Every structure is written in structure tokens, then in C-alpha cells.
Amino acid sequence: MRLTNPDMKLANTISKGIFDCFSIWEQELQLIRKDLGVVLMFIIVPIVYPVLYGLIYNTETISETPLAVVDESHSALAREFVRKIDASPDVRVFAYAASLEEAKEWMNRKKIYGILLIPSDFNSRINRGEQAVTAYYADMSSILFYQAALLAATDASLEMGKKIHIGTEQAIKSVYVPLYNPQKGFASFLLPAILILVIQQTLLLGIGILSASSRERNRGYLIPCNKRYEGTLRIVFGKALAYLVIYISVCIWALVIVPHLFKIPQLTNYGILALFVLPFLLSAVFFSMTIASFIRGRETPMMVLVFTSLIFLFISGVSWPLSAMPDYWKYLSYLIPSTFGIQGFIKLNSMGAGLWEIAFEYRMLWLLTGFYFITACLIYRRQIIRI
Amino acid sequence: MQYLLRIAGRETGRIFSGKIYWFCMFFVPLFSCLFFLSLMHKGLPIALPIAITDMDNTSASRSLVRQLDLLEGLHVTATYNNFNEAQTEMQKGNIYGIFLIPRDFAQKTVSAKQPVLSFYTNNSYLIAGSLVFKDMKTAATLAAASVALQTGKARGYTDQQVMASIQPIVIEAHPIGNPWLNYSVYLNNVILPGILALMVMCTTVYSIGIEIKEKTVWEWLRNEQSSILPSLAGKLLPQTILFLLVGLLLYAVLYVVMQFPINGNIGSMLVALFLLITASQAMGVFMIGCLPTLRLGLSFACLFGMIAFSISGFSFPVNAMYPQIQAVSNVFPLRHYFLIYADQALNGRALFYSWPHYIALLGFGFLPVLTLRNLSWSLKYAPYKP
């Protein structure tokens, strides 16, 4: 069959487009390879940073928080109560202090982070069948210490209650079941979010450096004056392909190997994870290409973008609950791929959700991919017209 | 002196004419302040969504659900008849906890067969998970208590005796310095100065590195004989002053507008702020001295500055980390600032207990000495490598 002329032209355009696309891809990879700053962002940071954060948080929980006891009752019952608190893995009784003053001095010197005061009427009240009131003074430099110690003391007091039988106790029992992240681990909680964020932010910084460098090289333009750089789609696809190739390996490292190394729960299978990572990576790439185009000066990206990591982390709703977040920040967060990346990854990886449970995040990621793809195309289109 | 002032004057001009300085010195700290304070304006997250699985569906179980909803910390968004639906809802992230009322709850309660309430939390969201845990535990205890009080009364016990049998020891919590358990106080007192310190480091590195890059070193230093110390001092002084002003504005917002507690002496916090800024400047000089190209120096500053937020231990405490990491935490100015803050502002301790950290912050001032020769050489003789 012979191709008619217009068909021939179209076929030519397509084949030239694809050829150009791959040559832009190759060109971009060369640029990345030659730029130490970009290599740092695309390869070294994504390898080192997850490990660094993993090491910082890997102990997961606080254990044996030291606290002091001021026992004014000097009773066997009080000592039993203290022994029960000491038995908890979260706290450790550092010592009995002679007075509240002594204990406060220890607290000032950071030998202890809490003081349990047992009053002199402790024993007599309990023997009379009344509630005894103890006081727990907590150093609030860490809420984790406070929560753990209070819980240990409350559990010990409920434990003591089981010894006093009047026939009404335990009318209703209760059981606590932590469903996800059962050990309340800090790494299991924060590391997944950091991993996703490292991927997006290094992409953002690396692409920022690349596009600012192009501007410095090409008299203010994002693309060189070159025949290959004549079509919007081939530029956007060519560049994106270069970043994707690198970041597929980065994702395997950061989202599969690192969680495994630090024993973070991995409740998803790799197929689903891959399906999820695809729109996340694509949206992060086009998002970065869009944001990067506004930045002038090779060094500026780091200066102006570094603080956004904290903003993006908090706006994602992983630490500060979404239900307590003002609406305007929630809607702003919908523009950032990491919001859905973090939420989706946590739900898949830490909570064993399937794609159906994260349908909202998944759709939003594809929506953002489409949106930022269009913005990236518009930006490069303008560049072509201007050149 | 005149030399120093001339450089300071030149630097001030550069700061006010460069967009990037405006952005990093003023916009970033102030925007972050606005962002974090408005994000956490509730202080303690309340009305966190939970779901109920009510398998009993009697008036008794429904009254228990109402009691749960009355707790300030919780908001019951839905009731399901089976657990799986609730769990799916949790996997979607719509609820942070599930409270399960078993079949025959009412009947078992009446016949003293000890029904078991179960409650589930999602600790993948650690803050929300801990908060709903606390309230659901309270609800379960209250439910048991109310039944116990009724049966106790029937058997002739006083309320006091019944309560003593359930929980013989009451623990009154006294969270020192932050009685509201306000997370904004807890986090923003360190995050915001931390962002300031990060920007100080970056700006210091940038302002020196850009001279190398744009080959303007000879506008800055007069000639090869110029000593590096006064040149640096003249350059950094205007930045110190401006950052201090931004820091004071930040303090005004935190401690005057938001009324965050200062239980000690504000003077000791102001000194800490000043030392945090100068220590970060010193870190910046040290970094560009180690890696005297703008790009690498800046990367160093950014990567170091970001780690500071984790390793300073205001969210996950340093003494729960590995011993090696605990040791490393000391090379971060923000770590010392946080410890001073905890002593001086939060706990209102005597200055005596914090002096090692003031000394440490001062000590950062000597860091640049280590790389000064390298920096001086790079400024004067090294060709710019992109």
C-alpha cells in the first residue's frame, strides 16, 4: 500500500518527533551527568537522606523515660504502686527523692523528665476505701514523655484496682487494639512521609537547577536554539523521560529497600505500589518543571525552595490532623503532589489499603499530572515561540 | 573601621536591591510564621473523627455513643453495623479511631456477664491516634464506672467506695509550662526559629558565594592585602541586624500576639535568639569555607539545615535516638537553642542550668576559623568553577 502525501507528512512528523524526543532525552541525561549539583540532588541526596532519617528515628519509641518519686506516705502500698509503674517498658523510676525540691533539682538537671508525688494520706485513704490522689509533674519539652509516663501510671493504678474487690468492679471490660503502627513507632509514622517528600523535593530542586542553568546557558531561555527543540511535546516528554528513568531507581530504593532496611511496615504488594508511584512521579515531575520555570539563577532554587519541604510535610495532614486544618490550607495542599503522595503511600504501605481505598488520592494524582503537564507544555510552547 | 563600614554599606545596598535577599530574609520567615500559626491555631486538635461499630443497637448502646460524642476530643462521624466497613473507612483516612460495642452489650451488662468494649486507633497518624486513644479510653472507663455505680448503690456501697474499687489511685497531671497540651506551643516555638536559622545559613553562604560566582570579589575586598576577618564582619553585620529584627518580630508574634508562655526571663531568650542567628552565620561561613563554590556550599547549608529539624529533638526526643546520633545532635545550633528554650521559656529554670548551651552557641562562632584560610584563598585566587 502506498502512503498518500499528507499521510506521509504526518508519519514523518511523528517519527521525527519520536526521534527528537529521544535525542532530547539523551541530551538531558548528559546535562544531568555533567552537573554535580544535579547529580547531588537526583542521586546522592535520595540515597543518603532516607538512610539518615531512618537512623534518626529508627529507635521508634521512647523507652525507660526516667522519672523520680517523692513518697510522703512511706507505705508498702505506695512502693507496690511505684514498682508497677517501673515495670512498664516506657518509664523507669530513676530514684526516690527525699523532697519535691530535690526531685525538681534533678528535673532541672535533666536527669529525670517527670515527678510522681505520693501524698502522706495515700495509704490511709486507700485502706479507708477512698480514692488517693497523686500528682504527676511533667517536663513538657517532649509530649511523648508526658503521654508515656501518664499512661504507665494510669495502667498501674487500674492494676491496683483489681485487688480491691467489692463485687462491682469490671462491670464492663475494655480492650485496646492499635490497628496500624501498633507500637506507636515514630519512624513508622514519619518516615513514609519523609520518603515521599524526599522524592518530590529533590526532583523539584534538581529540575530547578537544570532549568536555571539552561537559562544561564541560553541567554535567558529554557531551551537551546536547536532544531531538535522545535516541538512542545517532544521537549516535555523528552525531559520528563530522563527524570523518570532516574527516579524509577530512586523510588525502588526509597520506597521499597529503605522501608525494608528499617523494618517499617510494608503492607502492600509491589504491583499496587508501582501503579500508585506512576502518577505520583509523573505529577511531581511536571509540577517541578512548572515551578522550576519561574526561577532564575542556578543557585536560587535551593534558596527559595528548601523551606517548602516543611510546609509540604505539615500541609499533607500526616502529623497535624486534616480535621483540625483550616480549609484554605487544605485546598492549597490539593495543588501539591506530595499531599496525595504521602497520604496514598501511608495508606497503602502502613495501613494495607488497596487502590480502591485510595481512589481519591489516586484520581487527584492523575488530575495533577494532567494539570501540570498542560502548564509545563504551555511554558515550553512560549519558549519555542519566543526563540 | 572605616573599611568595615564601607563594606557594610555596600552589603546593605546589595540586600535591598536583590529580590532573593528579600525573599529569604523577610518573606520566608514571616510566611512560615503565618503558615504554621494558622495551621495549628486550634492548639490541641479537637473533634477528631471516629466511627462506631454498634452491634448491639439498644438504647444502652446508643446512649454510650452519645456519651462518646460529648467528649470534646472526639466527633462520631458514622455508625456501622459491621467492623469491616469501619475499618475500610479508617484505611481511607476518614476516621482515626473505631469504638466497637459488642452484640448483647446491654443484656450482658444487666446480667453482670462483663461485656467487652473494644477500641481501635490508627497510629499511622501518631498525633491524632494518641489523642483519640486517650478519649476513647476515658469513655470506656466512664461506661464501666456508671454501671458499677448503679450496681454498687444497689448493694449498699457509696459512690466513693465504688470509684475507689475501679481506680484506687487518681493521677493528677501537671504538664509544666504547657497545661493546655497546646501543639502549636510545643512545635512552633522551635520550628519557626529553626526556619529563621536555616535562612540565616543559606543567606550567609549565598552572599559570600555569589561574589565568587559573579567575580565581584574585588568590589568587596579592596585588594589582595585585605584581611579576611574585617571583610567578613562588614559583610555579615547588616545581615545580623536584619535577621535580628526579623527574629524580634517573630518573638513579638509568638510571645506577645499569641501569648505563648515565657515562664522565665525574656532577656535570656533574646540572648538565645541572637546567639542562634550568629551561630548560624558562623556555620554558613564555615560551610562556604569548606566548599567554596556557591552551589555546593548552598547544598551543604540546605541539607544540614533540614536535618536540624529532626535531630534537634523537639518532636522525637534526642535521648531516645541512637547514642551516636545523640552525639551528632550537638553540632546543630538548633539543638542548643531548643534546650535553652525548654529551660528558659517553657520551664522557667535558672540561667545556671542552660549555660553549657549558651557556651555551645558561642562556640560555633569559632568554627569559621577552621576554614578561613581556604575561604580567603578561594576568594582571592581560585577561578570560578560553575
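Okay, some ground rules. This is a predicted model, where local features need pLDDT of at least 70, side-chain atom pairs count only at pLDDT 80 or more, and totals for chains, interfaces and linings use all residues. Residues are numbered from 1 along each chain as its sequence is written, chains are lettered from A and ligands numbered from 1 in the order in which they are written, and side-chain values use heavy atoms, leaving out hydrogens and water.

So how do you look for holes? Rolling a probe the size of a water molecule over the atoms shows where empty space is left. Here the search runs on a 1 Å grid over the protein atoms alone: a cavity is a set of points where a 1.4 Å probe fits but cannot get out, while a pocket is an open set with protein on both sides within 12 Å along at least five of seven lines. Lining residues have an atom within 4 Å of a point. Points are joined across faces, edges and corners, and a volume is the space filled by probe spheres set on them.

Let's do the pocket. The largest one has a volume of about 1300 Å³. It has 45 lining residues, and Gln147(A), Leu150(A), Leu151(A), Phe133(B) and Lys134(B) lie nearest its centre. Helix H6 of chain A gives the most, 12 residues. (Helices are DSSP runs of H or I, at least four residues; strands are runs of E, at least two; both are numbered from the N terminus.) By class, that lining is 27 nonpolar, 10 polar and eight charged. Nonpolar here means Ala, Val, Leu, Ile, Met, Phe, Trp, Tyr, Cys and Pro; charged means Asp, Glu, Lys and Arg; the others, Gly among them, are polar.

How many cavities of 30 Å³ or more does the search find? Three, over the whole structure.

The largest cavity holds about 630 Å³ of space. Of its 37 lining residues, Leu190(A), Ile194(A), Leu310(A), Leu313(A) and Ser310(B) lie nearest the centre. H7(A) supplies the largest share, nine residues. The lining counts 29 nonpolar and eight polar residues, with no charged ones.

The second largest cavity comes in at about 70 Å³. Its lining includes Gly194(B), Met201(B), Phe304(B) and Pro333(B). Which helix gives the most there? That's H8(B), with four residues. By class, you get seven nonpolar, three polar and no charged residues.
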